[in-house]
Amino acid sequence: MQLITKNSAFRSLFLCSIFNTTGSNLFALAFLIYASTYPNSKFYISLVALFMVIPSFFNAYMGYLADRTKDKKRALFMTSWIQTILFIGVAFTIEQHSFFVFLFCILVNLVDELLAMYKDGLELPIMQIRVSSDDIQPAYGLIQGASSLIGIVGKPIGLALLAVLVNSFSMLALVNAGLYFISGIVLFESRKYLDIEVTKKLDEGKFHFSLKETLLQIIKVFKVEGAMSATSLIIIILIINFSINGILPLIDLAMVRDNPFGHSFGLAVTVFSVSFSLGVFISSFFMHDFFQKKDLSFILKLILGMLILFSLLVIPLGLISIVVFFGIGYCFAKVNPKLTSIIFQIIPKEDLATIRGGISTFFATASSLGVLVFVALANLIGLSLTFYIIAFICFIALIGPTFINLFKKKY
């Protein structure tokens with residue numbers, strides 16, 4: 001917490017993150033409810049879900065644009081005000097129920113997500129310069145924890161606010177616009193702390209996203225961790241992202257039949273969701289714990305072990321699996337700040353956003369595939385067998401590096 005009070009640059013970026021995340025969460029929930037008011041609501045809700053996946057594949061490009069932006073501090077608050085204008089436009093149109101209005105609102109949400117990625121890329125070199133290397137993990141832990149808390153309380157607050165506003169989606173859009181405007185004001189007022197020197201020319205080359213180059217950059221980052229090979233670490237992180245994001249929709253399906261809370265489906269889904277989010281939240285605010293000195297490979301192995309345990313327990317022993325899910329969230333929250341800290345150590349500020357965006361795109365692809373593959377498997381072969389497959393995949397990932405090392409020593 002001392003970071004917030006003593007570091008002006010971090011304080012402004014932290015407050016900006018809170019306003020942005022709150023606005024994004026509020027309107028995401030409201031927009032799903034808005035979609036449900038249309039005839040053939042399943043089609044409209046599916047359309048929202050489809051468009052919400054698209055931005056993750058543009059993370060590398062938005063990072064590239066952020067790296068090529070010379071005046072990053074000005075771009076930060078200008079972007080907040082562009083988001084303000086976009087949601088004012090939504091406020092004036094959203095009450096007119098038509099397919100074209102709905103499509104306009106989806107496109108605004110899509111642009112909003114892309115601008116959020118752009119802002120994140122603009123912030124990276126500022127954080128690298130203005131926050132000491134020892135404080136990077138706690139700094140990103142605070143941001144992650146605040147986002148997690150907003151994720152926990154955002155839905156009930158959003159529902160309550162919508163009720164107070166008598167289901168006025170236009171008023172909620174104005175609230176969202178106001179949050180973005182305040183974010184821009186905070187950044188504008190702190191502009192003297194956000195100024196950094198950029199040496200790279202803006203016209204240097206054209207953007208191209210290469211899977212090979214991204215893999216090489218990821219390997220470069222993970223080579224800092226000496227306890228395990230870079231390739232093994234990459235594969236394990238991919239499998240963890242693949243598995244966790246695949247498990248989330250499977251829990252919803254499991255609670256229809258194997259509900260530890262009787263017939264209360266909503267309560268069961270909420271408890272599982274909150275247990276994971278609570279683990280992330282608590283872990284994010286306690287970065288100086290047992291795991292601080294542990295290397296990334298140790299944390300990843302522990303997550304794999306808990307994923308195996310969770311997959312075996314969730315159907316027969318649902319209540320115990322909730323505790324394990326909390327543990328997964330707690331350990332998972334350690335990965336991103338530690339990984340960000342490594343990236344900051346070895347990547348120059350002129351390339352931070354492009355490389356981190358490329359890595360995010362790469363891992364987001366694994367996350368999306370996890371959802372598609374495991375939901376498809378659950379419908380084809382059943383939930384129990386799908387959970388066993390997840391446990392088996394995680395078990396192979398857990399013991400694989402040990403067997404590879406033994407094989408190398410022997411031959």
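Q: Among contacts between residues at least 6 apart in sequence, what share joins residues at least 24 apart?
A: That share is 83% in this chain. Keep in mind that the model is predicted.

Q: How many helices and strands are there?
A: The chain has 15 helices and zero strands.

Q: And what percentage of the residues is buried?
A: Buried residues account for 50% of the 411 in the chain.

Q: Let's go inside. Why is helix α4 largely enclosed?
A: Helix α4 covers residues 59–67, and seven of its nine residues are buried, so the rest of the structure largely encloses it.

Q: Which ones are buried in α4?
A: They are N59, A60, M62, G63, Y64, A66 and D67.

Q: What covers them?
A: The cover includes three helices: α5 (72–93), α6 (99–130) and α14 (352–381).

Q: How many residues does the largest nonpolar core have?
A: It has 89 residues. F10, M127, F222, F310, I328 and F387 have the most contacts inside that core.

Q: Which helix gives the largest share of this core?
A: Helix α10, residues 230–257, gives 14 residues.

Q: Pick I328. What is it in contact with, leaving aside neighbours within four places in sequence?
A: I328 is in contact with I244, F276, I303, M306, L307 and F310.

Q: How many residues are in the second, separate core?
A: That core has 27 residues, including Y44, V48, F51 and C105.

Q: New topic: L302. Where is it found?
A: L302 is in helix α12, which spans residues 296–313.

Q: What does L302 touch, not counting residues up to four places away?
A: L302 touches F291 and C331. L302 and C331 are 29 residues apart along the chain, yet their C-alpha atoms are separated by 7.7 Å.

Q: Which helices each supply at least two residues of it?
A: α14 and α15 (383–410) do.

Q: Where does L385 lie?
A: L385 lies in helix α15. With a relative accessible area of 43%, L385 is partly exposed.

Conventions:
Residues are numbered from 1 along each chain as its sequence is written. This is a predicted model: local features need pLDDT of at least 70, side-chain atom pairs count only at pLDDT 80 or more; totals for chains, interfaces and linings use all residues. Side-chain values use heavy atoms; hydrogens and water are left out. Helices (H or I, at least four residues) and strands (E, at least two) are DSSP runs, numbered from the N terminus. Buried means under 20% relative accessible area, exposed over 50%, partly exposed in between (1.4 Å probe, protein chains only). Contact means heavy atoms within 4.5 Å. A nonpolar core is a set of buried Ala, Val, Leu, Ile, Met, Phe, Trp, Tyr and Cys residues joined through side-chain atoms within 4.5 Å.
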